[in-house]
Amino acid sequence: MLELRTLEADDWPLWRELRLAALAEAPYAFGSTLAQWQGSGDREERWRARLSIPGAHDLIALLDGLPVGLASGVPGEGAPNVELISMWVNPMARGKGVGDYLIQAVARWAAERGATGLRLSVMPDNLKATALYERHGFTDTGKPGDLLPDGVGRERVMAKSLAAV
Ligand SMILES: CC(C)(COP(=O)(O)OP(=O)(O)OC[C@H]1O[C@@H](n2cnc3c(N)ncnc32)[C@H](O)[C@@H]1OP(=O)(O)O)[C@@H](O)C(=O)NCCC(=O)NCCS
């Protein structure tokens, strides 16, 4: 059974566990690194701040009661856009629709709060995630995303209209 749970700041240990697992398992997928969130970067107030972004919606997915995935919707620049970030599904739970479920939930939440568009940034070589996003109607905006660590490439910025959600 697939369920979603909305997290608050007090749930930071659960978010921390999943987010550290995501950064360790899929470093190629995120702008943040595991090193930035370990050691002196691994502090309760920092995790609480991450779960206290004004107007944000932080979700985890539970498969048969086990936390297996996470994603957030955060107010984007140029509201009424919402940004989909921190998307990850545990490899053991992939290919079961967890990613679909998380995207749909963030899109629904964004539409309910009046957002007209959902945007995200994806690494240009992350073909699996890109395929998932395309399946959900995201298209390339052509806008330059954040610079990659190589100082040359950029993240790919994709967006979809929420008119039909
Ligand atoms: C990208 C990612 C989130 C996808 O998660 P997921 O839960 O496997 O996604 P879904 O299950 O919704 O879809 C993945 C595949 O499973 C298939 N699928 C979905 N539901 C299914 C079901 N009930 N039965 C069988 N297959 C199913 C989908 O069709 C899709 O197939 P495809 O890849 O051949 O197109 C996951 O691979 C991940 O965490 N990757 C690393 C982190 C990452 O890249 N994050 C994105 C940052 S921008």
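Q: Where is S86 found?
A: S86 is found in strand β4, residues 81-89. Strands here are DSSP runs of E with at least two residues, helices are runs of H or I with at least four, and both are numbered from the N terminus. This is a predicted model: local features need pLDDT of at least 70, side-chain atom pairs count only at pLDDT 80 or more, and totals for chains, interfaces and linings use all residues. Residues are numbered from 1 along each chain as its sequence is written.

Q: What is phi of S86 near?
A: Phi of S86 is near 60°, a positive value in a residue other than glycine. Most residues other than glycine have a negative phi.

Q: Buried or exposed, S86?
A: S86 counts as buried because it has 22 C-beta neighbours inside 10 Å. Buried takes 20 or more other C-beta atoms within 10 Å of the residue's own, exposed 12 or fewer, and partly exposed is in between; C-beta atoms are placed from the backbone.

Q: And D64, what is its phi near?
A: Phi of D64 is near 50°, again positive in a residue other than glycine. D64 lies in the loop between β2 (57-63) and β3 (66-75).

Q: Why does D64 count as exposed?
A: Because D64 has 9 C-beta neighbours inside 10 Å.

Q: New topic, the ligand. Which residues come nearest?
A: A29, R94, G97, G99 and D100, of the 18 residues around the ligand. Near means a C-beta atom, placed from the backbone, within 6 Å.

Q: Which element gives the most to that shell?
A: α4 does, with 4 residues. β4, α3 (98-112) and α4 (127-135) each supply at least two.

Q: How many shell residues are charged?
A: 4 are charged, 4 polar and 10 nonpolar. Nonpolar means Ala, Val, Leu, Ile, Met, Phe, Trp, Tyr, Cys and Pro; charged means Asp, Glu, Lys and Arg; the others, Gly among them, are polar.

Q: Now the sheet. What is the strand order?
A: β1-β2-β3-β4-β5-β7-β6, an open sheet of 7 strands with mixed pairing. The edge strands, β1 (2-6) and β6 (139-147), each pair on one side only. Strands pair if DSSP finds at least two bridges between them.

Q: How many bridges join β6 to β7?
A: 4 bridges, and these strands run antiparallel. D140 stands opposite M158 in β7.

Q: Which strands does α3 touch?
A: α3 packs on the sheet and touches β1, β2, β3, β4 and β5 (117-122). Contact means C-beta atoms, placed from the backbone, within 7 Å. The direction of α3 makes about 150° with that of β2. Axes are lines fitted to C-alpha atoms, for helices over the stretch in contact, and angles run from 0 to 180 degrees between N-to-C directions.

Terms used. Contact = placed C-beta atoms within 7 Å.
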